[in-house]
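Let's take a friendly walk through this model together. Please keep the sequence and the 3D view at hand while you read.

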Amino acid sequence: MSGLPKVELHLHLEGAAPPAFIAGLAQEKHLDIAGIFDADGNYRYKDFWDFLKVYEAATSALQSPRDYQRLVSAVLEQSAASGVVYCETFLSPDFCGGRDLGAWREYLHAIREAADAAERDMGVTLRGIITCIRHFGPDKARETARCAADTAGEWIVGFGIAGDEKVGAPKDYRWAFDCAREAGLRLTAHAGEWGGPESVRDAVRDLEVERIGHGVRAIEDLALVDELAERGIVLEVCPGSNVALGLYPTFRDHPIAELDRRGVKVTISTDDPPFFHTTMAREYEELHKAFDWDDGQFRKIARQSLDAAFCDADTKAKIAKLLEA
Ligand code: ADE
Ligand code: ZN
């Protein structure tokens with residue numbers, strides 16, 4: 001399955017950092033974050049909320065534009081090895097320069113340099129979606145949205161929200177999403193992972209997003225499933241993440257196949273691959289084993305993912321050729 005060309009729409013940049021890479025940075029900077037690793041050097045966490053803490057501790061080792069430049073190269077090497085030809089990654093000015101616009105521009109410049117080099121050398125195209133962090137609250141989200149609006153364009157193509165879905169409500173972030181939309185950014189929000197179907201309804205109604213991060217718990221309300229299908233709202237589904245975090249016991253129990261059968265536009269992503277011991281190639285393998293999905297089904301989903309991508313038409317046309325190959 002690693003040979004099939006793939007499109008990934010839901011990848012947290014810091015969450016894609018290999019643990020050895022973060023351990024190396026921590027050592028260079030004399031940071032003591034040894035507690036986030038297990039004896040084998042993998043990330044260690046108990047549940048989703050502990051995962052968020054470990055994620056933020058790991059991110060504390062990324063302290064400069066140069067660190068992010070190295071991170072992007074390491075992450076895209078993994079993507080290319082899985083056959084990914086186009087990827088959208090979540091980035092946060094919260095972590096890159098503490099929401100200071102000048103600092104954020106420097107981080108973004110370094111990130112783009114690494115992305116351009118990877119496109120040239122490895123044939124994988126990257127675009128960025130700026131995300132605010134829900135549990136940092138609406139005030140910080142506004143500052144993040146201002147950074148997003150100021151750097152919106154051909155490379156920063158979207159705006160979203162990640163973090164603890166149980167904190168606050170989507171409507172608290174309305175100003176931030178309006179600001180991003182007015183700057184021409186396309187919108188996505190995490191919902192229906194730790195919140196039930198009502199969290200998906202809230203995000204669609206109050207933030208007017210066209211994609212939902214996860215959204216899989218929509219399956220608990222079939223009227224909502226029909227509505228998502230009718231309105232063409234795209235789900236950024238991350239099956240391995242959901243299984244690793246205990247939302248579903250195995251891939252076979254995951255609702256992605258049922259959502260697809262009911263006409264919802266599903267896509268496949270890894271979320272935070274080393275945390276969940278996954279890659280895009282592994283997601284494909286597991287879905288093939290669980291649901292007997294064949295190359296035709298995966299090609300349909302890759303095409304659907306590209307249709308839902310936030311990049312411009314020229315970029316889409318270039319990637320479409322790679323998907324047809
Ligand atoms: N940040 C990184 N991964 C996340 C996830 N799966 N849900 C919410 N926030 C996240
Ligand atoms: Zn996510």
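The side chains of Arg-112 and Glu-154 meet in a salt bridge, with 3.6 Å from N to O; the term stands for a side-chain nitrogen of Lys or Arg within 4 Å of a carboxyl oxygen of Asp or Glu. Because Arg-112 lies in helix H4 (residues 101-122) and Glu-154 in the loop between helix H5 (138-151) and strand S4 (156-162), the pair ties together parts that are 42 residues apart in sequence. Helices (H or I, at least four residues) and strands (E, at least two) are DSSP runs, numbered from the N terminus. Arg-112 is partly exposed, at 28% relative accessible area, and Glu-154 is partly exposed as well, at 46%. On this scale, buried means under 20% relative accessible area, exposed means over 50%, and partly exposed lies in between, using a 1.4 Å probe and protein chains only.

A word on conventions: this is a predicted model, in which local features need pLDDT of at least 70 and side-chain atom pairs count only at pLDDT 80 or more, while totals for chains, interfaces and linings use all residues. Residues are numbered from 1 along each chain as its sequence is written, chains are lettered from A and ligands numbered from 1 in the order in which they are written, and side-chain values use heavy atoms, leaving out hydrogens and water.

## Salt bridges

How many salt bridges does a search of the whole structure find? The search finds 25. Side chains of opposite charge can pair when their charged atoms come close. Here are some of the pairs, with their N to O distances.

| Pair | N to O distance |
|---|---|
| Asp-67 and Lys-29 | 2.8 Å |
| Asp-307 and Arg-303 | 3.1 Å |
| Arg-70 and Glu-28 | 3.2 Å |
| Arg-112 and Glu-154 | 3.6 Å |

The salt bridge of Asp-67 with Lys-29 has its closest N and O atoms 2.8 Å apart. This pair links distant parts of the chain: Asp-67 sits in helix H3 (residues 65-81) and Lys-29 in the loop between helix H1 (19-28) and helix H2 (48-59), 38 residues apart. Asp-67 counts as buried because its relative accessibility is 3%, whereas Lys-29, at 25%, counts as partly exposed.

The pair of Asp-307 and Arg-303 stays within one helix: the two are 4 residues apart in helix H12, so about one helical turn separates them. Asp-307 is partly exposed, with a relative accessible area of 46%, and Arg-303 is partly exposed at 37%. Gln-297 also has its place in helix H12 (residues 295-308); at 14% relative accessibility, Gln-297 counts as buried.

Elsewhere, a network of salt bridges links Arg-174, Asp-178, Arg-181 and Glu-208.

## Two domains

The domain assignment, which is automatic or taken from a database, gives domain 1 (6-17 + 68-324) and domain 2 (19-61). Their C-alpha centres lie 23 Å apart. In all, 22 residues of domain 1 are in contact with 17 residues of domain 2, where contact means heavy atoms within 4.5 Å. The two domains bury about 1,700 Å² between them, 71% of it on carbon and sulfur atoms; buried area is the accessible area (1.4 Å probe) that two parts lose on being put together, summed over both. Ala-17, Arg-70 and Phe-275 supply 34% of the area that domain 1 buries against domain 2, more than any other three residues. The count between the domains is 1 salt bridge. Arg-70 also forms a salt bridge with Glu-28, the closest N and O atoms being 3.2 Å apart.

## The zinc site

Which residues coordinate the zinc ion (ligand 2)? They are His-10 (NE2), His-12 (NE2), His-190 (NE2) and Asp-271 (OD), at 2.1 to 2.2 Å. Donors are N, O and S atoms within 2.8 Å of the metal (3.2 Å for Na, K and Ca), and sites may look incomplete because water is not among the atoms. The donor residues are spaced H-x1-H-x177-H-x80-D in sequence. His-12 lies in strand S1 (residues 6-12) and Asp-271 in the loop between strand S8 (265-268) and helix H11 (280-291), so this pair ties together parts that are 259 residues apart in sequence. Both His-12 and Asp-271 are buried.

## Positive phi

Most residues other than glycine have a negative phi. Asp-271 has a positive phi of about 75° although it is not a glycine. His-214, found in strand S6 (residues 211-214), has a positive phi near 75° and is buried, with a relative accessible area of 0%.
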